[in-house]
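Subject: Structure handover and notes

Dear colleague,

Please find the structure below, followed by my notes on what was found in it.

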Amino acid sequence: PGQPSCRSFVEVINEKYSPENFPYRRGPGMGVVVVPTAGLQGSPMKDRLNLPSVLVLNGCGISKAGDQAEIAAFCAHVMELDLSHNNLQDWQEISKIASSIPNLEFLNLSSNPLAGTILKPQCAETFSRVRRLVLNNTQISWDTVMLLTQNIPVLEELFLCLNEYSSVSASSVACPTLRLLHITDNSLHDWAEVGKFGSMFPSLDTLIMANNNLASIQDNEDILARLFPNLRRINLNNSGLNRWEDIEKLNFFPKLEEVRLQGIPLLQPYTKAERRNLMIAQLPSVSQLNGSVVTDSEREDAERFFIRHYLDCPEKELPFRYHSLITKYGKLEPLAEIDLRPRCRAQVEVHCEEKVEQLCIRLDQTVAELKKQLTTVVQLSTNSMRLYYIDKDSAFGPEELKYNNRALHSYSIQDGDEILVVPKTK
């Protein structure tokens, strides 16, 4: 906001990191003084810039590179570059910047208008040292993504969120180094498209694809094990999965240990606790579910819950997992229903001198409120009565109810117990 939208990369670093705006501070990573070489004497650049090795230039209106020799002179030590929310729409200009920064490992181009821009293969080669590449919300075409992955032999992390992909094409050239693919908020609803990531990225360790309306997982065990041999983490939050079979299929990824599966239609009918129990029982080798560790005791409780959950289920509808858990625990008895709510009333005998009355009292009231209730039964004012409680099952004698504000249920009063009312002696 307020930035002109056609500034060069050189102008922006010159302004942002000039000694006046960005004073040099000693200490690791705090800033590096770069003295330009003699060949640049006539340059309008300051004679020194305090550039850190991580450059954050988001939202600066950058649309072009500027003088490449100057970029090279000042950015030799730069390793990370955030150019998100600028106005870059020409790969040629981005390439001029990247090719002048020899140690560039992280490049963020999110929210630059790159839809429909053409990337030439020789241009793609200039990104060959980048390990982490962020292209969220750029509307970059899938063909361009493929060209980049084929030309970056060290690429480890790729971010492609919010790019409206509903289908992808498999590349003939795999990218063996990619470990993390972050492709949330797209429209990948067909598993066949997701399967293509397996052949393109054989070392994939983490696949984050929340907020895609993925409907189901169609492949069989052999294909899944072959496609994703190294996948350890998957995030399928807010996908459209609605059958337990799809959850069972996650067991076919040989190394899968962390799963996120919130907001899927399958789990709608269950309570929060039921969801977690059923998921843990279905996924025996998963050690983390929805970000929290699954302990051994939690797993045992979940598996026992699972067996009981399916006790009355017809044989042909039983999930596959049920049979292996029966082998492990045997058929369990249904749990007895125990009502854990505090009791709210008791039927007591009120004794006052010669008089005995049966009375139902509320246990959520205080001693003072009980005294008030008893005034009509025993014709004494609240100030002139003392109350004692006699537990019919206890060997101890009467206990005086002397604290007016104490709640009755804290005395463990049961049906059949006695309340003794004694008039206070003057």
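Which residue lies over the face of Tyr411? Arg406 does, at 3.9 Å from the ring centre, where a charge sits over a ring if NZ of Lys or CZ of Arg is within 6 Å of the ring centre and within 35 degrees of the ring normal.

Please keep in mind that this is a predicted model, in which local features need pLDDT of at least 70 and side-chain atom pairs count only at pLDDT 80 or more, while totals for chains, interfaces and linings use all residues. Residues are numbered from 1 along each chain as its sequence is written, and side-chain values use heavy atoms, with hydrogens and water left out.

Aromatic rings come next. Rings of Phe, Tyr and Trp (its six-membered ring) pair if their centres lie within 6.5 Å, with planes under 30 degrees apart called stacked, over 60 edge-to-face and the rest tilted; by this rule the count comes to seven aromatic pairs. Trp91 and Phe127 form an edge-to-face pair, at 5.8 Å centre to centre and with 85° between the planes. Trp91 lies in helix 3 (residues 91-99) and Phe127 in the loop between helix 4 (121-124) and strand 8 (132-134), so this pair ties together parts that are 36 residues apart in sequence. Helices (H or I, at least four residues) and strands (E, at least two) are DSSP runs, numbered from the N terminus. Both Trp91 and Phe127 are buried, that is, under 20% relative accessible area, as against exposed at over 50% and partly exposed in between (1.4 Å probe, protein chains only). Elsewhere, Trp142, Tyr165 and Phe197 form one aromatic cluster.

On the overall layout, the domain assignment, whose bounds come from an automatic or database source, gives domain 1 (7-18 + 47-329) and domain 2 (345-423). The centres of domain 1 and domain 2, taken over C-alpha atoms, are separated by 67 Å.

Two residues give further reference points. Arg7, in strand 1 (residues 7-8), counts as buried because its relative accessibility is 9%, and its C-alpha atom is separated by 7.8 Å from that of Cys60, 53 residues apart along the chain. Ser381, found in the loop between helix 12 (367-378) and strand 18 (385-390), counts as partly exposed because its relative accessibility is 41%; Ser381 and Val10 are 371 residues apart in sequence and 91 Å apart in space, C-alpha to C-alpha.
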